[in-house]
Amino acid sequence: MSDLPFTLDQLRILKAIAQEGSFKRAADSLYVSQPAVSLQVQNLERQLDVPLFDRGGRRAQLTEAGHLLLSYGEKILSLCQETCRAIEDLQNLQGGTLIVGASQTTGTYLLPRMIGMFRQKYPDVAVQLHVHSTRRTAWSVANGQVDLAIIGGEIPGELSESLEVIPYAEDELALILPIFHPFAKLEKIHKEDLYKLQFIALDSQSTIRKVIDQVLSRCEIDTRRFKIEMELNSIEAIKNAVQSGLGAAFVSTSAIAKELQMGVLHCANIEGVVVKRTLWLIFNPNRYRSKAAEAFSREILPQFANPGWNQDVLILAQKNIVINTLDGATAISSGEG
C-alpha cells in the first residue's frame with residue numbers, strides 16, 4: 001500500500017464521533033461543520049472499502065472495523081502528541097506542557113498546591129490537571145495521555161505490568177462533626193460511639209466511598225453499622241452538610257484544612273484509631289517523559305511525600321525511557337533525573 005488510506009484529521013474525527021456519540025456533537029467539539037465531518041467519514045470508508053459506522057440507530061455506533069481503526073488510531077494520535085512534546089522540550093523548559101492526573105480527592109485538594117509551586121518556578125510551562133476516577137486516570141497514564149498521576153484507589157489489574165506504582169504519601173481520614181455536636185466537647189470518642197452517629201457519605205458506588213469503607217474496615221470499624229442519613233456526590237457538599245449539623249463524615253484531612261483553621265468543623269479523635277490510606281504515584285516507564293515532568297518529579301514531588309521517600313525507582317525510570325516509534329525503532333531519552 002503506497003499511500004496511507006487515512007489522514008490524522010480523519011482519525012481525530014473518528015475518535016471524536018466515538019467519544020461524543022453523534023456526528024453533530026463531534027463536529028461541535030472540533031469546531032467544524034457537520035457536513036464536513038460526514039464527508040470525511042465517507043471518504044475514509046471509501047478509501048478503506050469498509051463501513052465504519054452502523055447508521056441504523058440514533059447514536060453513532062462503530063462497526064467491528066471501526067473499533068479496530070479507532071484502537072490503532074488512538075495509539076497513532078498519542079504518539080503524535082508525544083512527538084510534539086519532545087520537540088517542545090528542545091526549548092529546555094522555556095515552554096512545553098506538563099500533564100498531571102489525579103483521583104478526585106488528591107486532584108481537588110493536593111495537586112493544585114503542587115502545581116502552584118511548580119508554576120512559580122516554571123511559569124512558561126503549560127500545566128494541565130486531569131481529575132477523574134482512579135481507573136480512568138490509570139488508563140490515561142498507561143496510554144501516554146498523562147505524564148504521571150497521584151491516586152488513592154486500586155490500580156486495575158490489567159495495568160499492573162504497564163505502570164510503575166510507587167507508595168508516595170499517607171493520607172489520614174478524619175472524622176468531622178458539627179462544632180456544636182455533644183461529641184465535639186470530648187477529648188476522645190470510642191469506636192462504639194461511631195455507631196450512634198448519623199453519617200453523611202458519598203454515593204455507595206463511588207470509588208472514594210469504597211476506599212474509605214475498606215480503610216475503616218482494616219481499622220476494625222464496621223461501616224455496615226453506620227446510620228447513613230444521606231448520600232451526596234461531592235466532598236464539598238458533605239463538608240457543608242456536616243457544618244450545617246446534618247451529620248458526621250469521614251473525609252481526607254487535606255480537604256478540611258481551611259475549615260479547621262476557620263473553626264467551622266470539629267475533627268474528632270477516636271481512641272486507639274488512626275485511619276490512613278496510601279496515596280500512590282503512577283507513571284508509564286515506557287512512555288516519553290518530558291523535561292517538565294522530570295522537573296516536577298525532582299523538585300515538587302519530594303516536598304509532599306512521606307519522610308524518607310525513596311526516589312530511586314523514579315530516577316532510574318527517568319534515565320532509561322524507551323520510546324517505541326511508529327516504524328518499530330527505539331531511542332533512549334536520558335533525563336537529568
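Analyst: A cavity is a set of points, on a 1 Å grid over the protein atoms alone, where a 1.4 Å probe fits but cannot get out, and its lining residues have an atom within 4 Å of a point. Volume is the space filled by probe spheres set on the points, which are joined across faces, edges and corners. The model here is predicted, so local features need pLDDT of at least 70 and side-chain atom pairs pLDDT 80 or more, while totals for chains, interfaces and linings use all residues. Residues are numbered from 1 along each chain as its sequence is written, and side-chain values use heavy atoms, without hydrogens and water.

User: How many cavities of 30 Å³ or more are there?

Analyst: There are three cavities of 30 Å³ or more.

User: Which residues line the second largest cavity?

Analyst: Among them are Ser103, Gln104, Thr105, His132, Gly152, Ile208, Val211 and Arg277. Sorted by class, the lining holds nine polar residues, two nonpolar and one charged. Here Ala, Val, Leu, Ile, Met, Phe, Trp, Tyr, Cys and Pro are nonpolar, Asp, Glu, Lys and Arg are charged, and the others, Gly among them, are polar.

User: Which helix gives the most to that lining?

Analyst: Helices are DSSP runs of H or I with at least four residues, numbered from the N terminus. H8 gives the most, with three residues. H5 (104-121) and H8 (207-218) each supply at least two.

User: Now for packing. At what angle do H1 and H2 cross?

Analyst: Axes are lines fitted to C-alpha atoms over the stretch in contact, and angles run from 0 to 180 degrees between N-to-C directions. H1 (residues 8-20) and H2 (residues 23-30) cross at roughly 120°, and their axes come within 8 Å. H1 and H2 are therefore oblique to each other; under 35 degrees counts as roughly parallel, over 145 as roughly antiparallel, 65 to 115 as roughly perpendicular and the rest as oblique. In contact (heavy atoms within 4.5 Å) are Arg12, Ile13, Ala16, Ile17 and Glu20 of H1 with Phe23, Arg25, Ala26, Ser29 and Leu30 of H2. That contact has six nonpolar, three charged and one polar residues.

User: And how far apart are the axes of H1 and H3?

Analyst: The axes of H1 and H3 (residues 34-48) lie 10 Å apart, with an angle of about 110°. That makes H1 roughly perpendicular to H3. H1 brings Gln10, Ile13 and Ile17 to this contact, while H3 brings Val37, Gln40, Val41, Asn43, Leu44 and Gln47. By class, the contact of H1 with H3 has five nonpolar, four polar and no charged residues.

Terms used: 1 Å grid on protein atoms, 1.4 Å probe; cavity = no way out; pocket = protein on both sides within 12 Å on 5 of 7 lines; lining within 4 Å.
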